[in-house]
Amino acid sequence: MLHLILASQSPARTKLLAEAGIRHTVLVSDVDEAAVQERYGVTDPHDTALLLARAKAEAVASLPEAEGALVLGCDSVFEFDGEAHGKPYTADVARERMLRMSGRAGVLHTGHWLVDCRDTDDDGNGGRGSGATLGAVASAEVSFLDMEPAEIDAYIATGEPLHCAGSFTIDGLGGAFIRKVDGDPHAVVGLSVSTLRGLLAAANVRITDLWPPR
């Protein structure tokens, strides 16, 4: 039976996979995102999202637990005014960003990287791996409503935006401040199911093969 490992601790990503009927387990990588970016010197938000997704996937793929599995790494970076915004972590950073974002728009880039850790030798049961290691980025433009300072402070007080790329979510409390999304809405959640389908196809796997047996 095919085994997909999500190399991410994001509850939103695992919830999205579960709701899409995709069987998976979670194994979090210990990747130091700041160190990876410093090593490669990537400043473009699009490329940064892909680089970090790859680092997470390859870190988990190197573990014994990943043997015989497909490993998916994801990372999201919000591009606003030409700058790359990851998680704000502090209330002051989140507040400064959201005041600027009020009534405006930015682009959320979600990188995906898939590593096929299955044996490339035919096991006689159709379980031959492809050896694939490849990625793609799904992006979407997010337009925000005007946000009052009191609303921003109340949102930050919930703690939700502090650990989200760009200081917002679409599938939680932050959805109240989003006017529209142009592009794949799943990319804004942090994992594009259609992008995953394409990556799996490149590894000779149908996404339906990961649906629960009926």
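Modeller: Let us begin with burial. A residue is called buried under 20% relative accessible area, exposed over 50%, and partly exposed in between, with a 1.4 Å probe and protein chains only. Strand β3, residues 70-80, is mostly covered, since ten of its eleven residues are buried. Helices (H or I, at least four residues) and strands (E, at least two) are DSSP runs, numbered from the N terminus. This is a predicted model, in which local features need pLDDT of at least 70, side-chain atom pairs count only at pLDDT 80 or more, and totals for chains, interfaces and linings use all residues. Residues are numbered from 1 along each chain as its sequence is written, and side-chain values use heavy atoms, with hydrogens and water left out.

Biologist: Which strands are joined to β3 by bridges?

Modeller: Two strands pair if DSSP finds at least two bridges between them. Strand β1 (residues 4-6) runs parallel to β3 and is joined to it by three bridges; there, L6 has L72 as its bridge partner. Strand β5 (residues 105-116) is antiparallel to β3, with ten bridges, and V77 is partnered by H109 of β5. Strand β4 (residues 83-85) is also antiparallel to β3, with three bridges, and F80 stands opposite E83.

Biologist: What is found between the strands in the hairpin of β3 and β4?

Modeller: Two residues lie between these strands, and D81 takes a positive phi near 55°.

Biologist: How are aromatic pairs read, and how many does the structure hold?

Modeller: Rings of Phe, Tyr and Trp (its six-membered ring) pair if their centres lie within 6.5 Å; planes under 30 degrees apart count as stacked, over 60 as edge-to-face and the rest as tilted. The structure holds five such pairs. The pair of F78 and F80 is stacked, because the ring centres are 6.1 Å apart and the planes meet at 15°. F80 has a relative accessible area of 0% and is therefore buried. F78 also pairs with F168, edge-to-face, at 5.2 Å centre to centre and 75° between the planes. This second pair links distant parts of the chain: F78 is in strand β3, whereas F168 is in the loop between α5 (149-157) and β7, 90 residues apart. Both F78 and F168 are buried. F78, F80, F144 and F168 form one aromatic cluster.

Biologist: Why does D75 count as buried?

Modeller: D75 lies in strand β3 and counts as buried because its relative accessibility is 3%. A polar contact is a pair of N or O atoms within 3.5 Å; within protein, one must be able to donate a hydrogen and the other to accept it, and residues adjacent in sequence count only if both atoms are side-chain atoms. The side chains of D75 and K56 are joined by a polar contact of 2.7 Å. Contact in general means heavy atoms within 4.5 Å. Not counting residues up to four places away in sequence, D75 touches several residues, among them R13, E33 and H109.

Biologist: Where is D184 found, and which side chain of opposite charge is nearest to D184?

Modeller: D184 is in the loop between β7 (178-183) and α6 (185-189). Lys and Arg count as positive and Asp and Glu as negative, while His and the chain ends are not counted. A salt bridge is a side-chain nitrogen of Lys or Arg within 4 Å of a carboxyl oxygen of Asp or Glu. D184 is buried yet has no salt bridge, and the nearest side chain of opposite charge, R197, is 11 Å away. The side chain of D184 does reach the backbone nitrogen of H186 at 2.8 Å, and a polar contact of 3.3 Å joins the side chains of D184 and S194.
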